[in-house]
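Visitor: Mind walking me through how the helices pack in this one?

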Amino acid sequence: GGAGYLMPSGRYTVRLTLGAETLTQPLVIMPDPRDLLSEGEEQQHVILAKSLTSMLNDVHRAANEIRSIREQASALSARAGGSTDPRALIAAVHSLTAKIDSINERLVQEKFKVPRSQDHLNFRSSFGSQINYLQGAVDAGFGPVTRGERDRAAELDSEWVMWRVKVDELLSRDVPALNTLAKQLALPMIRTSETPRPAVQP
C-alpha cells in the first residue's frame with residue numbers, strides 16, 4: 001500500500017506494546033502555521049486522503065492476490081506435464097495467466113526499478129500510482145480540497161469498481177474452473193485468500 005495519510009491537528013495518545021507491557025505517551029499535532037484552513041476544511045482533507053489511502057491498499061491487496069494465483073498456476077502447469085492428458089489444464093492456465101497479466105500491469109507498475117530515475121517517463125503510469133499521486137496532492141495542499149481533486153477521486157473510485165469486478169471474476173469463475181481440472185488430474189488446487197485453511201490437528 002501507500003505510506004498513509006497525514007493526521008489532522010489535535011491531541012493523541014501514542015501506544016507502544018511489547019509483549020504484556022504497554023507504554024503510552026501524549027502527542028500534540030499542531031496545525032501548520034502556513035495553513036489557514038478551518039477545522040472543517042482540514043477534516044475534508046483527511047476524509048479524502050483517508051479514502052484514497054484505503055483504495056490504494058485495496059489495489060495492492062488485489063495485485064498481490066492475483067500475482068500469487070499466477071505463481072501457483074505456473075507451478076501447476078509445470079506439474080501437469082506428467083499427467084495423462086494435461087492439455088485442457090495447460091490451456092486454462094494460459095488463459096488465466098493472460099487475464100492476470102492484463103489486470104496486473106494496469107493496477108501496479110512493476111517496471112519502475114530505480115528510484116528517482118526516468119522510469120516514470122518511459123512506462124505508463126499505473127492505476128495505483130495515480131491514486132498515490134492524488135493522495136499526496138491532497139495531503140500537501142494548503143487550501144481547501146478543490147473541486148478538481150474531488151472529481152478526480154470520484155473518477156478513480158469508479159475505475160476501481162471496474163477493476164474490482166475483473167478481479168472478482170478471476171476469483172469466482174476462472175480459479176474454480178482451473179481447480180476443477182486440477183482435481184481431475186489429482187493435482188494440488190490453487191489457494192486464494194478466500195480458501196478455507198485446513199483445520200490444525202491437536
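Guide: A quick term before we start: a crossing is left-handed if the near helix is turned anticlockwise from the far one by less than a right angle, and right-handed if clockwise. The model is predicted, with local features needing pLDDT of at least 70 and side-chain atom pairs 80 or more, while totals for chains, interfaces and linings use all residues. Residues count from 1 along each chain as its sequence is written, and side-chain values use heavy atoms, without hydrogens and water.

Visitor: Great. Which way does helix 1 pass helix 2, left-handed or right-handed?

Guide: Left-handed. Helices here are DSSP runs of H or I, at least four residues, numbered from the N terminus.

Visitor: At roughly what angle do the axes of helix 1 and helix 2 cross?

Guide: Roughly 155°, with the axes coming within 9 Å. That makes helix 1 roughly antiparallel to helix 2 (over 145 degrees).

Visitor: Who makes the contact?

Guide: On helix 1, the residues include Val59, Ala63, Ile66, Arg70 and Ala80. Helix 2 brings Leu89, Val93, Leu96, Ile100 and Leu107, among others. Contact means heavy atoms within 4.5 Å.

Visitor: Switching topic: where do helix 2 and helix 5 sit in the numbering?

Guide: Helix 2 covers residues 87-107 and helix 5 covers residues 147-184. Their axes come within 10 Å and cross at roughly 165°, so helix 2 and helix 5 are roughly antiparallel to each other. This crossing of helix 2 past helix 5 is left-handed.

Visitor: And which residues of helix 5 make that contact?

Guide: Among them are Trp160, Trp163, Val167, Leu170, Arg173, Asp174 and Leu178. From helix 2, the contact includes Ala88, Ala92, Lys99, Ile103 and Arg106.

Conventions:
Axes fitted to C-alpha atoms, helices over the stretch in contact; angles between N-to-C directions. Helix = DSSP H or I, 4+ residues; strand = E, 2+ residues; numbered from the N terminus. Parallel < 35°, antiparallel > 145°, perpendicular 65-115°, else oblique.
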